[in-house]
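Subject: Structure handover, with notes on salt bridges and the cavity

Hello,

Please find the structure below. My notes on it follow.

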Amino acid sequence: MSISARWTAVAAVTVLATTLAGCTSGKSGSDPKGGSSSKSGAPGSSASAPSGPIPVGPGPQSAYTVQKQPDPGTCHVRYTADKQPLPDPKCTPGATNPKVTQQTLKATICSSGYTKGIRPPVSITNREKAANAKSYGYTGPMHDAEYDHLISLQLGGDPNDPRNLWVEPPSPGHKPGAGPNNPKDGVENKLKTAICSGKTDLAKAQQAIAHDWTTALSSLGIKE
């Protein structure tokens, strides 16, 4: 074979190898973990992901102490389409009572008088409420706002974990000076009944109420 013919053959092999390599990389389009690179950066992918497990609080205490609240102005009230207030999930994600589990329901929240025995005194919560109002920038009458357990005591919420309490503004239809008007209470009552009757799971009810109390019943298939 002449020198020119030999170089022509080498060039042809080189071109073929380059073409095959280009086709392989173009087809894979994957990241090192095997996922599609075009999908890994899809906008909104994290928005629909679960918020994760609810924090577990310290539980009932023999003597409660005033808990530090988030810094003033760092928390922001959210509102549903029909103007019902919801807490800032960064400040108030909820916190559960470790004494209340699916296995201890009969001895805890499904036992009459349980929540009364673990509720912090107003001498503690009134001071926390005043500080939390500054956290959320609430400037309305304190009498009209409820210092609310996001996961209520009757649903196994922690009694005094600051992650489970917030100054909840009045709901629509409120009359100034009339005190809190919180339709969330009715939802909590129905959820407790469903838990204690075995119609729903404790953890699912806690997740639902922490996410959005206005949709908690429907999300669990409980009649409103």
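D88 and K90 join their side chains in a salt bridge, at 3.3 Å from N to O; the term stands for a side-chain nitrogen of Lys or Arg within 4 Å of a carboxyl oxygen of Asp or Glu. D88 is buried at 3% relative accessible area, while K90 is exposed at 67% (buried is under 20%, exposed over 50%, partly exposed in between, with a 1.4 Å probe and protein chains only).

This is a predicted model, in which local features need pLDDT of at least 70 and side-chain atom pairs pLDDT 80 or more, while totals for chains, interfaces and linings use all residues. Residues are numbered from 1 along each chain as its sequence is written, and side-chain values use heavy atoms, with hydrogens and water left out.

The structure has five salt bridges. One of them pairs R163 with D161 at 2.7 Å, N to O; R163 is partly exposed at 32% and D161 is buried at 5%. Another links D71 to K68 at 3.6 Å, N to O, with D71 partly exposed at 46% and K68 exposed at 65%. D148, K184 and E188 form a network of salt bridges.

A search of the whole structure gives one cavity of 30 Å³ or more (a set of points on a 1 Å grid over the protein atoms alone where a 1.4 Å probe fits but cannot get out; lining residues have an atom within 4 Å of a point). Its lining includes D144, E168, P170 and N181, and the lining residues divide into three nonpolar, three polar and three charged.

Regards

How values were computed:
1 Å grid on protein atoms, 1.4 Å probe; cavity = no way out; pocket = protein on both sides within 12 Å on 5 of 7 lines; lining within 4 Å. Points joined across faces, edges and corners; volume = space filled by probe spheres on them. Nonpolar A, V, L, I, M, F, W, Y, C, P; charged D, E, K, R; others polar.
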